[in-house]
Each structure stands twice: as structure tokens, then as C-alpha cells.
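Hi,

Here's the structure I promised to pass on.

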Amino acid sequence: MPNPNQGSVAIYPGSFDPITYGHLDLIERGSRLFNRLIVAILSNDSKEPLFSVAERREMLAQSVKAYPNVEVDSFNGLLVDYASQRGATALLRGIRAISDYEYELQMALMNRRLRPDIETVFLMAGEAYSFVSSRLVKQVIGLGGNISGLVPPLVEARLRDRLLGDKQERR
Ligand code: PNS
């Protein structure tokens with residue numbers, strides 16, 4: 001039977017500041033749904049990021065090495081314009097809780113209005129990671145809490161350096 005998704009390209013956009021196992025779970029599942037998955041970091045974000053785009057790209061690239069059909073990129077401007085330039089027909093987003101729904105619905109409807117030919121596809125976050133966010137991970141490690149098992153080891157090391165660098169040296 002022909003694969004209806006043959007040739008399909010999807011964009012998984014986000015801030016990824018930094019990547020968590022919640023993101024990786026979505027990437028793994030997305031890589032099975034689409035022929036090609038492009039993980040795209042928004043570079044002109046109004047939020048003050050902890051890591052530069054280059055640093056986030058590098059952490060993502062290291063973390064997705066096991067998935068040959070996953071690519072890491074960054075973009076500026078409208079997501080749907082970038083998706084169209086990349087030949088994508090779908091945007092992939094994860095939903096953790098009802099609180100995510102409103103924001104995601106607004107974005108999906110706006111993106112549909114801008115480009116009706118690009119569909120947003122939602123996956124429910126893996127239950128093991130439904131409470132994990134980049135924001136909370138940064139907060140917890142910054143306050144000395146344990147985040148192992150929530151982010152890849154290389155990301156944990158980077159977070160430690162960035163947020164606890166001075167404190168670690170003084171110990
Ligand atoms: O991980 P995040 O921070 O929730 O991701 C948000 C992101 C990058 C998907 C969103 O901010 C975005 O798509 N920005 C690009 C600008 C855009 O296209 N805006 C109009 C559509 S709502």
C-alpha cells in the first residue's frame with residue numbers, strides 16, 4: 001500500500017531554549033509520521049533566550065543525530081512563509097495540558113488564515129514529559145534542583161555551566 005505521507009515535510013518550530021526530553025519525544029514520534037522533519041528555531045524571538053541560536057542549534061543537532069530524516073534549522077519572520085519556502089505542508093506542535101491549548105489554537109488558526117494549505121498537526125506530549133518545559137528546567141537547575149532525566153546529559157552540562165558556572169567554581 002502506498003504511504004500517504006510519502007514525500008511529506010513537516011516543520012517542528014519552537015524556541016528550544018534549551019531542548020528537553022519532551023521535545024525529543026515529539027521529534028521521535030514526528031520523524032515516524034513524516035518523511036522529513038525540520039526542527040526550526042525561531043531566531044528573532046522577543047523573549048530573552050539563555051542560549052544563542054548557534055548554541056541551541058548545536059544542542060539540537062547533537063540530540064537528533066539518531067534520526068536520519070530530522071534536520072535542524074533556524075528561521076526569522078513568519079513561520080508559514082518559512083514552511084512554504086522549505087516545501088513543508090505541516091507544522092508539528094505538542095500539547096501538554098489544557099493550558100497549552102488556547103495559545104496553540106490561536107497560533108494554528110492564525111497560521112491557517114495566513115496559509116490555508118499548511119496544516120498544524122498536534123501530538124499529545126508523552127505522559128512522562130507532560131510537566132516538562134524549558135522554562136521550568138532552567139528555573140529548577142538555577143535553584144540547585146535535580147533535572148536529570150528531563151534533558152539530555154549534554155544539555156544538562158551546558159545548563160550547569162551557564163547557570164551555575166561561578167557557583168560551581170567557588171565550591
Ligand atoms: O516554543 P515556543 O516558544 O512556544 O514557539 C513559538 C513559535 C516559534 C512556534 C511561534 O512564536 C512562531 O511561530 N513565531 C513565528 C512568528 C509567526 O509566524 N507568527 C504568526 C503566527 S502565530
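Start with phenylalanine 16: its relative accessibility is 3%, so it counts as buried, the cut-off being under 20%. Bear in mind as you read that this is a predicted model. Phenylalanine 16 sits in the loop between S1 and H1, and its phi is near 45 degrees, a positive value in a residue that isn't glycine. That loop also holds proline 18, and the peptide bond leading from aspartate 17 to proline 18 is cis, with omega near 0 degrees. Why point these out? Because most residues other than glycine have a negative phi, and most peptide bonds are trans.

Next, helix H1 itself, which covers residues 21-33 and includes aspartate 25. Is aspartate 25 buried or exposed? Its relative accessibility is 16%, so aspartate 25 counts as buried.

Now for the empty space. Rolling a probe the size of a water molecule over the atoms shows where it is left. The largest pocket has a volume of about 1,300 Å³. Its lining is made up of 48 residues, and the ones nearest the centre are Gly14, Ser15, Lys47, Arg93 and Tyr103. Several elements give two or more residues to that lining, among them strand S1 (9-14), H1 and strand S4 (90-95). Which element gives the largest share? That's H4, with 8 residues. Sorted by class, the lining has 21 nonpolar, 15 polar and 12 charged residues.

- lysine 47, where an N or O atom of the side chain is 2.8 Å from a ligand oxygen;
- arginine 93, where the distance from a side-chain N or O atom to a ligand oxygen is 3.0 Å;
- tyrosine 103, where a side-chain N or O atom lies 3.3 Å from a ligand oxygen.

One last stop: aspartate 81, in helix H3 (residues 79-85). With a relative accessible area of 31%, aspartate 81 is partly exposed.

Technical notes: Residues are numbered from 1 along each chain as its sequence is written. This is a predicted model: local features need pLDDT of at least 70, side-chain atom pairs count only at pLDDT 80 or more; totals for chains, interfaces and linings use all residues. Side-chain values use heavy atoms; hydrogens and water are left out. Helices (H or I, at least four residues) and strands (E, at least two) are DSSP runs, numbered from the N terminus. Buried means under 20% relative accessible area, exposed over 50%, partly exposed in between (1.4 Å probe, protein chains only). On a 1 Å grid over the protein atoms alone, a cavity is a set of points where a 1.4 Å probe fits but cannot get out, and a pocket is an open set with protein on both sides within 12 Å along at least five of seven lines; lining residues have an atom within 4 Å of a point. Grid points are joined across faces, edges and corners, and a volume is the space filled by probe spheres set on the points. Ala, Val, Leu, Ile, Met, Phe, Trp, Tyr, Cys and Pro count as nonpolar, Asp, Glu, Lys and Arg as charged, and the others, Gly among them, as polar. A polar contact is a pair of N or O atoms within 3.5 Å; within protein, one must be able to donate a hydrogen and the other to accept it, and residues adjacent in sequence count only if both atoms are side-chain atoms.
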